[in-house]
Amino acid sequence: MDPECSRLLPALCAVLADPSQAVADDTCLEKLLDWFKTVTEAGSSLLLLQENPCLVDLLSHVLDLKPQDVSPRVLSFSLCLAGTFAAQEDCFEYLQQGQLLLGLFGEAGPLSWAAWSVPTVRSGWIRGLRSLAQHPSGLHFLGNSGAVDALFSLQGDSSLFVASAASQLLVHVLALSMQAAPQVTQALNVLTTTFGRCHSPWTEVLWGQLSPLVAHLLESDPIPAAHSLVDLLLSVARSPVFASADCGLWETMARMLSCLSPTQAGSLALGILKLQHCPQALRSQAFRVLLQPLVCILRATTQAPGPPGLLDETSAGSSMMVDTLLSSKSACVGLLCQTLAHLEELQPLPQRPSPWPQTLLVEAAVIILQLCDGSAVPSSSEGGRLCGALAGCSRVQRAALDFLGTLSQGISSRELMPQVFAVLLETLESPASSPMVLKKAFQATLRWLLDLPSPSSCLDLGPHAPLFLRELFPVLQKRLCSPCWEVRDSALEFLTHLTACWGGEADFREALLASEVPKLTWQLLRDPESYVRASAVTAMGQLSSQGLEAVSESPGHPEVQQGLIGELLHILSMDSEGFPRRAVVRVFTEWLRDSHADVARDTEWFVATVLQMVSQDLDWEVRAQGLELVRVFLVQTLGQPNPHCPYAVTLPKVTPPGPLPEVLRTLCQLQIIDFAFRALFDCDRPVAQKACDLLLFLREKTAPCSGLQEPGNSSDVTSVEATLHRWQAGEQSQPLGNLEPEELLAALRSLDLEGFQGRLAESSDHVEKSPQSLLQDMLATVAVLEENVADCY
Amino acid sequence: MPEIRVTPLGAGQDVGRSCILVSIAGKNVMLDCGMHMGFNDDRRFPDFSYITQNGRLTDFLDCVIISHFHLDHCGALPYFSEMVGYDGPIYMTHPTQAICPILLEDYRKIAVDKKGEANFFTSQMIKDCMKKVVAVHLHQTVQVDDELEIKAYYAGHVLGAAMFQIKVGSESVVYTGDYNMTPDRHLGAAWIDKCRPNLLITESTYATTIRDSKRCRERDFLKKVHETVERGGKVLIPVFALGRAQELCILLETFWERMNLKVPIYFSTGLTEKANHYYKLFITWTNQKIRKTFVQRNMFEFKHIKAFDRAFADNPGPMVVFATPGMLHAGQSLQIFRKWAGNEKNMVIMPGYCVQGTVGHKILSGQRKLEMEGRQVLEVKMQVEYMSFSAHADAKGIMQLVGQAEPESVLLVHGEAKKMEFLRQKIEQEFRVSCYMPANGETVTLPTSPSIPVGISLGLLKQEMAQGLLPEAKKPRLLHGTLIMKDSSFRLVSSEQALKELGLAEHQLRFTCRVHLQDTRKEQEMALRVYSHLKSTLKDHCVQHLPDGSVTVESILIQAAAHSEDPGIKVLLVSWTYQDEELGSFLTTLLKKGLPQTPS
């Protein structure tokens with residue numbers, strides 16, 4: 001500042017500070033501000049203030065005045081001036097020391113004065129803040145002084161200028177936080193949420209102002225907060241506001257795709273491909289990015305690269321990709337797992353790219369699995385290093401198997417079947433495969449096998465399947481003997497599913513029966529691990545349903561002679577764990593439904609025997625499953641439940657095997673009625689619920705029965721009711737005895753089954769969950785020892 | 001930026017729903033995945049949306065570690081792995097792997113039974129979740145991947161409970177889970193070696209308590225049970241199938257044996273068999289006494305404790321029944337309670353904490369008229385006792401563990417804020433380390449200074465060996481070399497090799513110093529005098545007089561010249577390389593003192 005100005009300044013400040021002196025006009029003050037701006041831009045504001053103490057005096061004087069004495073114009077000027085000085089961080093700190101800034105911009109300052117009603121003051125206040133919000137300290141000040149709240153309300157100010165300035169300042173704050181490294185992520189996240197939730201037209205304007213900043217972020221290397229930036233771009237792209245508008249978004253995305261690291265680009269590429277509307281060129285670019293890692297793998301390991309179209313165009317980015325893949329083991333594993341998961345997600349979507357390079361993907365998945373199990377023959381030094389990085393990596397194996405599984409559904413998959421089956425067999429056979437890998441290999445195998453042309457429509461399964469099955473069963477056999485229960489269990493689950501689908505196929509039956517698999521499955525019924533026993537029960541149930549349990553009649557195996565049904569009954573009565581027992585009742589229910597030969601031989605004996613065991617079971621799920629078995633039996637004897645819809649097609653009624661009274665007598669003799677009534681009062685709610693439904697069904701089926709009279713002797717009914725009441729009260733030791741059909745009908749009618757149903761529909765802790773219970777608990781707890789509170793488990 | 005970040009999603013200044021995210025050297029680990037018994041909605045599980053923001057869970061998390069089988073540490077696991085979609089490895093000890101699914105199954109059955117929750121994890125999900133588990137042995141270093149390794153230490157508390165050390169390179173974190181520093185009837189005390197982790201994350205349930213002697217509590221318990229059965233009453237002890245139940249069984253079994261009592265003791269739901277099977281199977285995890293006596297008599301084969309049948313509850317006369325579940329919120333324990341509550345001769349002993357809303361909580365807080373379903377009111381006349389048998393370290397124990405592990409900093413979880421604050425100050429004062437206690441969702445960031453491995457070339461080592469000194473572990477020696485960074489690894493090599501590898505040419509810096517001497521003789525003569533002087537002074541060095549008249553001592557060059565203005569003064573130019581700095585300055589000092597007068 002030239003000396004003459006310095007000399008004049010104190011006097012001018014005195015004039016400005018004196019409310020009795022009128023200032024020339026606004027333009028002067030504006031020009032004065034312009035001048036200070038030039039001065040501060042050229043040099044240090046702090047020095048300026050130190051050399052001209054009158055300036056700070058002016059600011060403090062304005063604050064010291066009585067609010068009514070302040071000239072709005074001078075006040076507005078002072079606010080702008082203070083902001084201009086505070087734009088430099090050291091000067092900001094200096095002014096803050098005297099609490100000047102808080103006085104001017106804080107809640108106790110002009111904000112609360114009468115002068116605030118003058119738009120100039122509000123405008124000056126915003127301009128001052130706009131100037132000082134240039135550095136992190138300024139940003140914090142905005143947050144801490146409560147200014148942001150005021151800004152939000154000023155957006156709706158009666159003055160258009162004020163409102164617009166407030167909005168601009170808010171945008172500036174967001175923009176600024178995007179430049180300050182620590183805040184970039186937060187700012188981007190806020191914007192992502194904004195564009196995700198708010199689809200008003202103004203968001204387009206906001207994006208218009210922000211996109212240059214985003215573009216600016218893309219210029220840095222590495223790109224800051226890349227993950228959040230990807231989210232933001234995708235969120236903007238998904239917003240319907242931008243559906244038609246071309247606002248440079250696609251260009252930005254394309255640029256970002258090319259400059260992000262391969263790992264980061266993957267999720268952006270996936271996001272782009274999932275968009276509903278998006279330029280084809282960008283989609284192609286995104287798809288190339290997504291495919292690149294697999295293309296690199298194929299290049300490094302095979303002589304003949306896949307479809308030329310895809311590979312040629314990727315060469316530009318592929319060197320970076322290869323670098324990433326080879327840079328370290330963890331980078332390679334991370335990138336591959338991510339790519340496989342992304343492609344897996346894309347595969348079933350309708351908007352997936354077309355043409356879909358099914359062959360290339362299958363080949364890549366196969367090669368990756370071969371690299372993992374060490375059977376790949378690398379054709380280059382890169383391939384060799386990939387082998388080293390991936391050998392024995394179960395994480396990649398798991399991801400590749402999941403992906404390979406989803407690829408089973410595809411038109412061009414058939415030619416690749418030999419390759420796929422070979423690598424699956426290799427994985428299943430390999431002694432190095434972990435239990436999780438084996439589980440996933442079984443699942444993938446199952447998917448490929450089940451997606452073969454439907455067995456029912458086509459008698460032969462194609463040329464590959466029989467060959468594969470012959471090799472598969474020895475592997476399955478080996479895995480059924482695994483020391484890991486996880487593996488035995490996965491193998492049994494696989495067998496069950498496969499048999500359910502293919503049990504009728506000659507090739508399958510032949511291969512299965514030629515193996516030891518049925519015998520081993522039988523042996524696993526006595527496995528030490530309950531999960532495995534349960535799976536073995538289910539598998540044997542399935543094999544038996546298809547007539548495949550064929551175990552050679554050897555005199556050394558007494559359990560074999562006893563038959564499968566005997567073995568399963570043994571498990572039901574003796575197994576100490578719930579899973580196998582539950583599985584047994586489930587198998588029995590299926591057998592009953594499908595009229596399995598062993599069951600059909602003497603259905604009544606079968607049902608009575610099972611119920612006798614089930615009713616004693618401590619596991620409520622076994623009891624509930626037992627009720628399901630009873631329901632199937634009742635449907636078979638009494639017919640389907642009546643349709644409730646009057647327009648439903650009425651099925652021809654199943655004629656009960658005998659007259660109704662006979663049927664009811666049988667039900668009583670088989671203890672079915674006893675079981676159902678006891679279950680109605682079961683302390684486990686699902687059992688009671690199921691029993692209630694069952695009794696309602698029974699009542700409905702017997703209601704129109706005209707052949708039965710109400711019991712003449714009412715004392716019999718009373719005794720039944722008395723027994724039921726005692727059961728309800730928890731004393732279930734007394735048996736119901738053999739009921740006559742009439743008594744049964746009377747008992748059914750006398751019970752308020754609908755009432756039961758209503759009560760049971762409520763969760764059993766509805767009383768304890770009530771607000772009244774909560775209040776009581778809170779009041780009661782006040783007096784109780786504090787110790788109880790922390791003493792958890 | 002090398003740093004360790006810790007964010008509790010649960011157990012941050014609270015008890016229940018333990019779930020702590022640790023990020024160490026770029027690896028992300030989830031410690032425990034527990035549920036909160038006090039909630040019936042989404043709030044019972046940790047809010048995993050904070051992690052799912054970071055992309056796919058399986059890509060983001062490197063592994064999950066479960067410290068022990070209590071539901072507040074593993075209850076959310078099937079939800080997390082089968083419903084939220086985590087597909088990576090889960091680590092736990094062998095006993096935890098065996099027992100965890102039993103408790104999860106128990107919990108599922110109660111949730112489905114009681115509340116009819118349809119959207120709950122199924123048995124199949126529990127099984128599928130357990131298939132992802134990798135079981136570990138104590139003190140076995142398990143390599144999660146090339147960089148991340150974990151190691152389990154004995155924690156006491158319950159069968160199979162473990163503390164875990166998580167290590168990446170030279171950085172490590174120890175997570176204690178729940179632990180107990182004093183042995184109890186069936187378990188030993190927690191132990192860890194002096195592993196000096198960057199951070200110790202410890203539970204702090206009893207942060208301010210010094211617990212009274214366990215013996216007193218046991219005596220009290222036995223007295224109450226004994227008195228009740230003596231006067232013909234029935235004792236109900238609601239328990240969870242595994243854990244405290246076994247300890248109380250041992251306690252009663254021993255007492256019955258000693259006192260020759262005949263009153264029957266029952267254990268409900270057929271779980272005893274299975275539970276005791278696991279205790280027998282994992283006998284190495286129990287305490288020394290049980291292990292020692294195991295040969296003569298297995299502590300877990302009970303003579304007096306029989307399986308319970310529902311009909312027994314109506315039997316007249318005294319009896320003791322252990323029934324599940326432990327908070328009287330459903331199933332058998334609640335059913336028995338309803339039968340017995342009306343009789344003042346009977347007693348219910350709650351050996352653990354009960355959450356709000358359960359019958360257990362109500363009777364513990366003194367409520368005696370309970371509303372049951374169907375507007376029935378149950379009047380509780382039986383005696384209600386609370387006895388804490390939970391096995392956590394008290395304040396003294398926590399301090400002891402910190403002393404054992406010698407961490408650089410401590411972080412408190414699984415406790416109440418007020419008590420933590422007290423302990424935090426104590427730890428900071430006593431051990432002079434920083435102690436943190438983040439709330440749920442709050443991230444603690446610790447800067448670390450990781451050591452970077454540097455390979456030393458064989459050539460350089462051989463060079464060093466050639467100097468004749470054998471390396472000695474206790475006497476560190478200085479080794480000069482050039483550090484090069486190539487292929488993202490560091491190597492220390494000789495400068496020649498570095499030049500060769502990097503294809504660079506060598507530049508030499510020479511320092512030159514002028515020494516002025518009063519002498520009128522000719523330069524050549526001067527040089528000769530310098531040579532003789534140095535030759536006689538520096539007997540160990542190679543001093544040469546070169547044909548051009550200059551003198552060298554090793555690499556140091558000395559030339560004599562005439563002063564441009566004063567012929568009476570001669571100037572000695574002494575020049576040396578950086579490597580011979582010491583000798584160079586020594587020579588300069590020596591020559592500045594002047595040359596000895598030669599007898600002329």
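B:Arg108 forms a salt bridge with A:Glu621, with 2.6 Å between the closest N and O atoms; a salt bridge here is a side-chain nitrogen of Lys or Arg within 4 Å of a carboxyl oxygen of Asp or Glu. This is a predicted model, in which local features need pLDDT of at least 70 and side-chain atom pairs count only at pLDDT 80 or more, while totals for chains, interfaces and linings use all residues. Residues are numbered from 1 along each chain as its sequence is written, chains are lettered from A and ligands numbered from 1 in the order in which they are written, and side-chain values use heavy atoms, leaving out hydrogens and water.

Across the interface of chain B and chain A, the rule finds 12 salt bridges. The two chains also have 15 residue pairs in polar contact, both residues being at pLDDT 80 or more. A polar contact is a pair of N or O atoms within 3.5 Å; within protein, one must be able to donate a hydrogen and the other to accept it, and residues adjacent in sequence count only if both atoms are side-chain atoms. Several helices of chain B each supply at least two residues of the side that touches chain A, among them α2 (57–60), α5 (94–115), α9 (271–281) and α14 (417–431). Helices (H or I, at least four residues) and strands (E, at least two) are DSSP runs, numbered from the N terminus. The most is given by α5(B), with 9 residues. By residue class, the side of chain B that touches chain A divides into 15 nonpolar, 26 polar and 31 charged. Ala, Val, Leu, Ile, Met, Phe, Trp, Tyr, Cys and Pro count as nonpolar, Asp, Glu, Lys and Arg as charged, and the others, Gly among them, as polar.

In terms of contacts (heavy atoms within 4.5 Å), 72 residues of chain B meet 60 residues of chain A. The size of an interface is often given as the accessible area lost when the parts come together. Chain B and chain A bury about 5,500 Å² between them, 45% of it on carbon and sulfur atoms; this buried area is the accessible area (1.4 Å probe) lost on putting the two parts together, summed over both.

Domain bounds come from an automatic or database domain assignment. Chain B is assigned domain 1 (3–210 + 391–441), domain 2 (214–386), domain 3 (452–466 + 478–506) and domain 4 (510–593). Taken over C-alpha atoms, the centres of domain 2 and domain 3 of chain B are 71 Å apart. Chain A is divided into domain 1 (3–176) and domain 2 (413–453 + 462–551), and the C-alpha centres of these domains of chain A lie 80 Å apart.

Some local features follow. The peptide bond joining A:Ser354 and A:Pro355 is cis, with omega about 0°, and A:Pro355 lies in the loop between α19 (329–346) and α20 (358–373) of chain A. In chain B, the bond from B:Thr324 to B:Pro325 is also cis, with omega near -5°; B:Pro325 is in the loop between β15 (319–323) and α11. A:Gln671 is not a glycine, yet has a positive phi of about 65°. Within chain A, A:Arg593 forms a salt bridge with A:Glu590, the closest N and O atoms being 2.6 Å apart. These two residues are separated by about one helical turn because they are 3 residues apart in helix α31 (residues 578–593) of chain A.

The predictor's confidence in each residue is pLDDT, from 0 to 100. Its mean is 83 for chain A, with 85% of residues reaching 70 or more. Over residues 455–460 of chain A the pLDDT is below 50, and this stretch has 5 contacts beyond near neighbours in sequence. Where pLDDT is low, the predicted coordinates should not be read in detail. The mean for chain B is 87, and 96% of its residues reach 70 or more. The model scores ipTM 0.78 and pTM 0.79.
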